[in-house]
Amino acid sequence: MAPDRSTIFAPDDVVVAARTDDRPLRRRLVAPLATLVGTLAGLGYLAAVDPNQPGHYPLCPTQALFGVDCPGCGVLRGTHDLVTGNVEGALDHNVLLVVFVPLAVVLWVRWLGRAWRGREDAVTHEQFRRRNAITITGLVLVLVFGVVRNFVPYLGSGIG
């Protein structure tokens, strides 16, 4: 008889050990700060070049090939609206931006903090299970949104 998976690890057992990064602070901050600079450059370009005007950006392959909105349809135009201060327009293009923009900021700040400290804390079995549950739930919600948005007119990306 196979052992019950829940008995293999206790909730407070460490499954990923703590790690210390011995590189100098300047070197540890390169990746998060380069990501910030690249993101700000991309947002600056997106603010200057409106994706609502044809000819500047490629079409969404899902929309072009199948005529349906994928979960990401409208993100480019919605991000343009956010950068230019039109929150209502951003929500109209893709309501998931309300979730993903703050989430991306929080995750980037946590990454910056880990780089600044030079230490990653140990991960317990319970934390590992919780992370997996959150990831799987998020993916399922995005996929459900991708299907539902094609049947509920308000959730569409506004193209097609």
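A salt bridge is a side-chain nitrogen of Lys or Arg within 4 Å of a carboxyl oxygen of Asp or Glu. The views below come from a predicted model, in which local features need pLDDT of at least 70 and side-chain atom pairs count only at pLDDT 80 or more, while totals for chains, interfaces and linings use all residues. Residues are numbered from 1 along each chain as its sequence is written, and side-chain values use heavy atoms, with hydrogens and water left out.

**View 1. Aspartate 121 and arginine 119 meet in a salt bridge.** Their N to O distance is 3.9 Å. Aspartate 121 is exposed, at 52% relative accessible area, and arginine 119 is partly exposed at 37%. Here buried means under 20% relative accessible area, exposed means over 50%, and partly exposed is in between (1.4 Å probe, protein chains only).

**View 2. Glutamate 120 pairs with arginine 19 in a salt bridge.** The closest N and O atoms are 2.7 Å apart. Glutamate 120 sits in strand S3 (residues 119-120) and arginine 19 in strand S2 (residues 19-20), so this pair ties together parts that are 101 residues apart in sequence. Strands (E, at least two residues) and helices (H or I, at least four) are DSSP runs, numbered from the N terminus.

**View 3. Arginine 23 and aspartate 21 form a salt bridge.** Look for the closest N and O atoms, 2.5 Å apart. Aspartate 21 counts as buried at 16% relative accessibility, whereas arginine 23 is partly exposed at 35%. The structure holds 3 salt bridges.

**View 4. Tyrosine 45 and tyrosine 57 make an edge-to-face aromatic pair.** Their centres are 6.2 Å apart, with 80° between the planes. Tyrosine 45 belongs to helix H3 (residues 30-48) and tyrosine 57 to the loop between H3 and helix H4 (61-66), so the pair ties together parts 12 residues apart in sequence. Rings of Phe, Tyr and Trp (its six-membered ring) pair if their centres lie within 6.5 Å; planes under 30 degrees apart count as stacked, over 60 as edge-to-face and the rest as tilted.

**View 5. Helix H7 covers residues 97-117.** The expected span is 1.5 Å times one less than the number of residues. Just after H7, glycine 118 takes a positive phi of about 75°.
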